[in-house]
Structures are given as structure tokens and as C-alpha cells.
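Subject: Structure for you to look at

Dear colleague,

I am handing over the structure we spoke about, and I would be grateful if you could look through it with the notes below at hand. The sequence and the coordinates come first, and my findings follow.

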Amino acid sequence: QQRHQAWVMLPSKDTPDGDLLAQEPPNDAFKHRKPFAEGSLRYAFHFFVKVANRDMHLVVKEGKFATELRTPQLVAKNFLANHHQAQQMAGDFRRAITASGF
């Protein structure tokens, strides 16, 4: 395992875009050295972090290629935008299925 520090990132209430801000203090974290999965664009690793005396097991993805998202904040913001869009699409799909009688 590789030792890391992790900061919980929460949206700022002071900016209109809800920019993500790192919360202090950093938390101790560990990442497995070898990925457990590999996609065409990124690797997936097990990541363990202790937040508020709670051990969390997360999955982190590491890109194989350079990207235009140069900061952790931009990566997280882009991920959340895509995640919210996927949630909307899933809800629309479920409503369409229900309305169709399936």
C-alpha cells in the first residue's frame, strides 16, 4: 500500500458555481499499488481513508493519458457534473419505462 493524504472536498457556498474547496485537516489514506481493474482510459485502485473516525473504502481512478483537467478541483467538478447528468438520464429512463407499462 502507498501512504497518502486526502482532503475531503465540499462545494463552497460563497461562489455561484459551488467550487469545491479542500477541507482541513488532511486525512490519512492508503492506496493499493496495483490496480484491480483497467479500462481503456484509466486504472481503478482500492483507496482507504479515515474520515471523522470512520474507515471508508473508495475506488479511485487514475487516467492513463494527459487531460485538460489539470487540477483536482476540475477533475472532481467534471466528475460531479457527469454524475448528475447520469442521474437525470436514469430517472428519465425509469419514468419512460414505467409510463410504457413494462
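I begin with N27, which is found in strand β4; strands here are DSSP runs of E with at least two residues, helices are runs of H or I with at least four residues, and both are numbered from the N terminus. Please keep in mind that this is a predicted model, in which local features need pLDDT of at least 70 and side-chain atom pairs count only at pLDDT 80 or more, while totals for chains, interfaces and linings use all residues. Residues are numbered from 1 along each chain as its sequence is written, and side-chain values use heavy atoms, with hydrogens and water left out.

N27 has a relative accessible area of 15% and is therefore buried, given that buried means under 20% relative accessible area, exposed over 50%, and partly exposed in between, computed with a 1.4 Å probe and protein chains only. Once its neighbours within four places in sequence are left aside, N27 is in contact with H4, Q5, A6, V8, V49, K50 and V51, where contact means heavy atoms within 4.5 Å.

As background, most peptide bonds are trans.

Turning to the chain as a whole, its secondary structure comes to one helix and seven strands, and the order along the sequence is β-β-β-β-β-β-β-α. The radius of gyration is 17 Å, well over the 13 Å that the globule rule gives for 102 residues, so the chain is more spread out than a compact globule; the radius is taken over C-alpha atoms, and the rule is 2.2 Å times the number of residues to the power 0.38. Along the principal axes, the C-alpha atoms fill a box of roughly 50 × 40 × 35 Å.

Buried residues make up 11% of the 102 residues, and of the contacts between residues at least 6 apart in sequence, 28% join residues at least 24 apart. The chain exposes about 8,300 Å², of which carbon and sulfur atoms supply 57%, the areas coming from the Shrake-Rupley method with a 1.4 Å probe, with only the protein chains shown counting as cover for residues.

Strand β1 (residues 2–6) contains R3, which counts as exposed because its relative accessibility is 58%. Leaving out residues up to four places away in sequence, R3 touches D28, A29 and F30, and its side chain makes a polar contact of 3.3 Å with the side chain of D28. A polar contact is a pair of N or O atoms within 3.5 Å; within protein, one must be able to donate a hydrogen and the other to accept it, and residues adjacent in sequence count only if both atoms are side-chain atoms. The C-alpha atoms of R3 and K64, which are 61 residues apart along the chain, are separated by 21 Å.

S12 lies in the loop between β2 (9–11) and β3 (20–22) and is buried, with a relative accessible area of 10%. A polar atom of the S12 side chain lies 3.0 Å from the backbone nitrogen of D14, and S12 also touches G18, D19 and L21, not counting residues up to four places away in sequence.

In strand β7 (residues 54–63) we find K61, an exposed residue with a relative accessible area of 59%. K61 touches R42, Y43 and A44, again not counting residues up to four places away in sequence, and its C-alpha atom is 9.7 Å from that of G39, 22 residues apart along the chain.

Finally, R95 has its place in helix α1 (residues 72–100) and counts as exposed at 51% relative accessibility. The side chains of R95 and D92 are joined by a polar contact of 2.6 Å, whereas the C-alpha atoms of R95 and F48, 47 residues apart along the chain, are separated by 36 Å.
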